[in-house]
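Keep the viewer open as you read.

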Amino acid sequence: MALPDGMAVRPAVAEDAAAVCALLNQVDEIEIGRAETELDEVESELRGEGVDLAQDSWLLHDADGRLVGYGLVRDRSGGERIDLDQYLLPDQLAGGLHLFDLMEARAVELARRNGAERAVLHLLLNAEPTTDTGAMRDRGWRLARRHHALRRDVSPETDPLPEPPAGVRLRDCTQEADRRTAHRLHQQTFAEHYDFKPRSYEQWLADINADTVDWTRVWVAELDGHGDVAVLRTGVRLPTLAWAFNIGVLPEARGRGLGGYLLRHFFAVHAADGRAAVGLGVDTENATGAPELYRKHGMEVDFSVDTWALVLPTA
């Protein structure tokens, strides 16, 4: 799709972080009713390992010079899988389709460079996005999966620190050895989940922007007779919102109340830290019982996010 007259596209640079953050928050306001993007998230994204901004990012401006779209392509797999991000203000379909042309072509180039015979593109969008999903379907994109973002209000009064189940001890990951254990447990407990990608310890640290992680808010659980069996990685998404990025329990340790304990520990610690709410994401087709556990503990659907996929040949 040709770029409409008067519109312009250029690569992003690190200094564009504030403008990109403002655009993403405009999209947030339209899609979920509030701004959810922090500047440090965008800054981290623009300096992400392996991202060549000159070739992997695009800013779309309208005829008045207003930033109306942003695209980013990331090769995290070293193989066929390529991740895309696109944020677009309403009524910018033609410019958005031009961004899709650029992003899809770059994704194919990256997969080809990796020696893959095809490029498998993934894009996350709000379930009610500003992007025209009908136009995406016309390009061959398909809806692959839906995740719910859950949310719950917390306070020190309603969420005291829970007692651990019998034989369970929790420790934080301020020590390097415990960080490696957290990585191992994450890889083991999420191995059969949708869209799981095995990652080395170094790759995992890069993925989670380890230099920004508060390791006192990441925990490993040990169970008598079994050793280390569970991991809980949390952090702060917004000044008032904490987020559980991973809650994982090894299969042999399930059914002992560990998942609920970790969830309540998450609530309590961040409530004591002064957060007013907590959240996490869950696959709607999760088969481990996690959605039921979260509902039982008062978490409710805040909004939904869809994974869209497109497969393109590299030859």
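**A tyrosine and its partner**

The side chains of Y201 and E176 are joined by a polar contact of 3.1 Å. By polar contact I mean a pair of N or O atoms within 3.5 Å; within protein, one must be able to donate a hydrogen and the other to accept it, and residues adjacent in sequence count only if both atoms are side-chain atoms. Some ground rules: this is a predicted model, where local features need pLDDT of at least 70, side-chain atom pairs count only at pLDDT 80 or more, and totals for chains, interfaces and linings use all residues. Residues are numbered from 1 along each chain as its sequence is written, and side-chain values use heavy atoms, with hydrogens and water left out.

Back to Y201, which sits in helix 7 (residues 201-207). Helices (H or I, at least four residues) and strands (E, at least two) are DSSP runs here, numbered from the N terminus. Is Y201 buried or exposed? Its relative accessibility is 7%, so Y201 counts as buried; the cut-offs are under 20% relative accessible area for buried, over 50% for exposed, and partly exposed in between (1.4 Å probe, protein chains only). Leaving aside neighbours within four places in sequence, Y201 is in contact (heavy atoms within 4.5 Å) with E176, R179, R180 and H183.

Next comes Q187, placed in helix 6 (residues 176-189). Q187 has a relative accessible area of 12%, so this one is buried. Its side chain makes a polar contact of 3.2 Å with the side chain of H186. Beyond four places in sequence, Q187 touches F196, K197, P198 and R199.

**A buried aspartate and a partly exposed leucine**

Now jump to D306 in strand 12 (residues 300-313). D306 counts as buried because its relative accessibility is 3%. Which side chain does D306 join in a polar contact? The partner is R146, at 2.6 Å. Not counting residues up to four places away in sequence, D306 touches L123, L124, L125, A127, L143, R145 and R146.

L102, found in helix 4, has a relative accessibility of 26% and therefore counts as partly exposed. With residues up to four places away set aside, L102 touches V9 and W58. L102 and T307 are 205 residues apart in sequence, yet 20 Å apart in space, C-alpha to C-alpha.

**Looking for holes**

Rolling a probe the size of a water molecule over the atoms shows where empty space is left. On a 1 Å grid over the protein atoms alone, a cavity is a set of points where a 1.4 Å probe fits but cannot get out, and lining residues have an atom within 4 Å of a point. Grid points are joined across faces, edges and corners, and a volume is the space filled by probe spheres set on the points. How many cavities of 30 Å³ or more does the structure hold? There are 2.

The largest cavity has a volume of about 40 Å³, and its lining is made up of Q86, L88, L93, G96, L97, F100, T131, D132, A135 and M136. Two or more of these residues come from each of strand 4 (81-88), helix 4 (93-113) and helix 5 (133-138). Helix 4 gives the most, with 4 residues. By class, the lining divides into 6 nonpolar, 3 polar and 1 charged; Ala, Val, Leu, Ile, Met, Phe, Trp, Tyr, Cys and Pro count as nonpolar, Asp, Glu, Lys and Arg as charged, and the others, Gly among them, as polar.

The second largest cavity holds about 40 Å³ of space. Its lining consists of R34, E36, A149, L150, R151, L241, W243, D302 and F303. Strand 6 (142-153), strand 10 (241-249) and strand 12 each give two or more residues, and strand 6 gives the most, with 3. This lining has 5 nonpolar, no polar and 4 charged residues.

**Zooming out**

The chain's secondary structure comes to 9 helices and 12 strands. Of the 315 residues, 50% are buried. Among contacts with a separation of 6 or more, 71% are between residues 24 or more positions apart. The C-alpha atoms fill a box of roughly 65 × 45 × 35 Å along the principal axes.

Definitions and conventions
1 Å grid on protein atoms, 1.4 Å probe; cavity = no way out; pocket = protein on both sides within 12 Å on 5 of 7 lines; lining within 4 Å.
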